[in-house]
Structures are given as structure tokens and as C-alpha cells.
Amino acid sequence: VLISMRAGFVSMLMTAPLWNVKTRMVLYREQFNVSVSDLAFLSLLERVIVQHVVADMVRNEGIKGFYKGFVPSVFMSTYGVIQMFCYENINHLLGFK
């Protein structure tokens, strides 16, 4: 159980900034109603949006902005703890080694 808890904590520590940037990019695109059909232009536009979103987060909120919602995400990662706990106990009850 402890190993699963630590793994969930570390994975959320690493992925929380990525999820925050992704969510802000989606909100940014919706705000300016960005929709294009040219894939090359879309790729360039996405890079510009990522740079703008990251720079805006650092400027206005600092590093802490990347970890907003971290505590709820850690609670959501407890499914791994529950899954491993149940797996081990069911294996023990059924006699598997």
C-alpha cells in the first residue's frame, strides 16, 4: 500500500504541470475561437500557444501555478492504492503465491 501511495504521489508530482498547461491551452483556444484546417499552421500555432501559456503562468502565478489542483489529483490517484490492496488480499484469500 505504501509503495502505491508513493508511486501515485510521484506520478502526480510529475504530471500535474503538464495537465495544467494542457487545460490552459484548451481554455486559451476556446477563448479566442481558434480553429484551423492547415496542419502545418496548426502545429506552429500550438507551439506559440504553449509558449504564451507557460510564460503567462510563470509571470502571473509563479511555479505554484503549475501545481494548482495538485491535492485533488493526489486523492484521485488513490485508485492504484486500492487496486493493489485488493489484488494482494484477493490473491492471498484464493491461495495464490
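Q: What percentage of the 97 residues in the protein is made up by buried residues?

A: A residue is read as buried when its relative accessible area is under 20%. In this predicted model, buried residues account for 22% of the 97 residues in the protein. The accessible surface of the protein comes to about 7,700 Å², and carbon and sulfur atoms contribute 70% of that area.

Q: How many helices and strands are there in the protein?

A: The protein has four helices and zero strands. Read along the sequence, these elements follow the pattern α-α-α-α.

Q: Which residues form the largest nonpolar core?

A: The general idea is that nonpolar side chains tend to be buried together in soluble globular proteins. Here, the largest nonpolar core consists of seven residues, namely Val21, Met25, Leu45, Ile49, Val53, Met57 and Phe66. Helices α1 and α2 (39–61) each supply at least two residues of this core. The largest share, four residues, comes from α2.

Q: What is Ile49 in contact with, leaving aside its neighbours within four places in sequence?

A: Ile49, a member of the largest nonpolar core, is in contact with Met25, Tyr28 and Arg29 once those neighbours are left aside. A separate reading uses C-alpha atoms: those of Val26 and Ile49 are separated by 9.6 Å, and the two residues are 23 apart along the chain. Val26 lies in helix α1.

Q: Is Val26 exposed or partly exposed?

A: The partly exposed class runs between the buried limit of 20% and the exposed limit of 50%. Val26 has a relative accessible area of 39%, so Val26 is partly exposed.

Q: How many aromatic pairs does a search of the whole structure find?

A: The search finds two aromatic pairs. In one of them, the ring centres of Phe9 and Phe70 are 5.5 Å apart and the planes stand at 80°, so this pair is edge-to-face.

Q: Why does the pair of Phe9 and Phe70 tie together parts that are 61 residues apart in sequence?

A: The pair does so because Phe9 lies in helix α1 whereas Phe70 lies in helix α3 (residues 70–76).

Q: Which residues form a nonpolar patch on the surface?

A: The patch here is formed by Phe9, Val10, Leu13, Met14, Ile63 and Tyr67, which together have about 570 Å² of accessible area. Leu13 is located in helix α1 (residues 2–31), and its relative accessible area of 36% makes Leu13 partly exposed. Phe9 and Tyr67 belong to this patch and also to the aromatic cluster.

Notes
Residues numbered from 1 in each chain as written. Heavy atoms only, no water. Patch = residues over 30% accessible without salt bridge, like charges linked within 9 Å, V, L, I, M, F, W, Y side chains within 5 Å. Areas by Shrake-Rupley, 256 points an atom, 1.4 Å probe, with all protein chains shown as cover. Salt bridge = Lys/Arg side-chain N within 4 Å of Asp/Glu carboxyl O. Buried < 20%, exposed > 50% of the residue type's maximum accessible area, 1.4 Å probe, protein only. Core = buried A, V, L, I, M, F, W, Y, C linked by side-chain atoms within 4.5 Å. Contact = heavy atoms within 4.5 Å. Phe/Tyr/Trp six-rings, centres within 6.5 Å; stacked < 30°, edge-to-face > 60°.
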